[in-house]
Each structure stands twice: as structure tokens, then as C-alpha cells.
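Please look over the structure below. A short report on its packing follows.

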Amino acid sequence: TGSGLTGLLLRTLKEYLGDDEKVILQSFSTVPAPISSDIVIEPYNAALGLQDLHEYCHQSYLFDNQALSNLCQRRLDLEAPLMRKLNNIVAFCMSGI
């Protein structure tokens, strides 16, 4: 799954870089909303992924998928926002940090 692959990648980076390196690992992730989950195990996979983020990242920025959709619907006047629009909002937030 995506959460397992991310955990493996973060663990490998942490082992490769070690604790002596002056590197800050940052993560930007979207988490599913319990109300709008299409797949039953989606919140479970997110919980597994959050454990790896907590263990291997120095900074984690989480974006609620439902909140991003509501933002597009209310502020951008889009009935059904496309993933491109949601990704643009996350990219704007990432560039502002």
C-alpha cells in the first residue's frame, strides 16, 4: 500500500543518513476523512502511515482530504473539485513554508 511504501522509504532514508547528519526530513500528507472514505480500510492504512511519519520524520504536515474539498467548493465555487485543484492547494501550502 502507499502507507507501507512510504514507511519503507522513510526508514531507508533514516538508516542511510543516520542521526549525525544535519538533515530535516519533512513530510506532506493528505489524510482521509472518516465521512468520505470510499474504501473501508482507508483510515486503517492512514493510521499505519501516520505511525511511520511520527517515527521517522522531523516535521509532518497533514492535510485533511475533506477540508481540502470543502475549501474548493466554498472558496473556489467548484461543485466537484478535481484532484488537480486539491493538489494545487497543497502545493501552495508547501511553497509557503
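## Basis

The model is predicted. Residue numbers start from 1 along each chain.

## Helix α4

Helix α4 runs over residues 83–95. It has 13 residues, which at 1.5 Å a residue should span 18 Å. The C-alpha atoms at its ends are 18 Å apart, so expectation and model agree.

Three names make up the buried set of α4: Leu-86, Ile-89 and Val-90. Viewed down the axis of α4, these buried residues fall within an arc of 95°, so they line one face of the helix. An α-helix has 3.6 residues a turn, so residues three or four places apart point the same way. The other side of α4 carries exposed residues: Arg-84, Phe-92 and Ser-95. What do the buried residues of α4 pack against? Their partners are β1 (26–31), β2 (59–64) and α3 (65–75).

## The nonpolar core

The largest nonpolar core has 6 residues. Its members are Phe-63, Leu-68, Cys-72, Leu-86, Ile-89 and Val-90. Both α3 and α4 supply at least two residues of this core. The biggest share comes from α4, with 3 residues.

## The aromatic pair

How many aromatic pairs does a search of the whole structure find? It finds 1. The pair is Phe-28 with Tyr-61. Their ring centres are 4.8 Å apart and their planes lie at 15°, so the pair is stacked. Planes under 30 degrees apart count as stacked.

Phe-28 sits in strand β1 and Tyr-61 in strand β2, so the pair ties together parts that are 33 residues apart in sequence.

## Arg-11

Arg-11 belongs to helix α1, residues 2–17. Its relative accessibility is 29%, so Arg-11 counts as partly exposed.

Which residues does Arg-11 touch, not counting those up to four places away in sequence? They are Asp-52 and Tyr-56. Arg-11 and Asp-52 are 41 residues apart along the chain. Their C-alpha atoms are separated by 8.1 Å.

Key:
Predicted model: local features only at pLDDT ≥ 70, side-chain atom pairs only at ≥ 80, totals over all residues. Heavy atoms only, no water. Helix = DSSP H or I, 4+ residues; strand = E, 2+ residues; numbered from the N terminus. Expected span 1.5 Å × (residues − 1). Buried < 20%, exposed > 50% of the residue type's maximum accessible area, 1.4 Å probe, protein only. Arc of directions from axis to C-beta. Contact = heavy atoms within 4.5 Å. Core = buried A, V, L, I, M, F, W, Y, C linked by side-chain atoms within 4.5 Å. Phe/Tyr/Trp six-rings, centres within 6.5 Å; stacked < 30°, edge-to-face > 60°.
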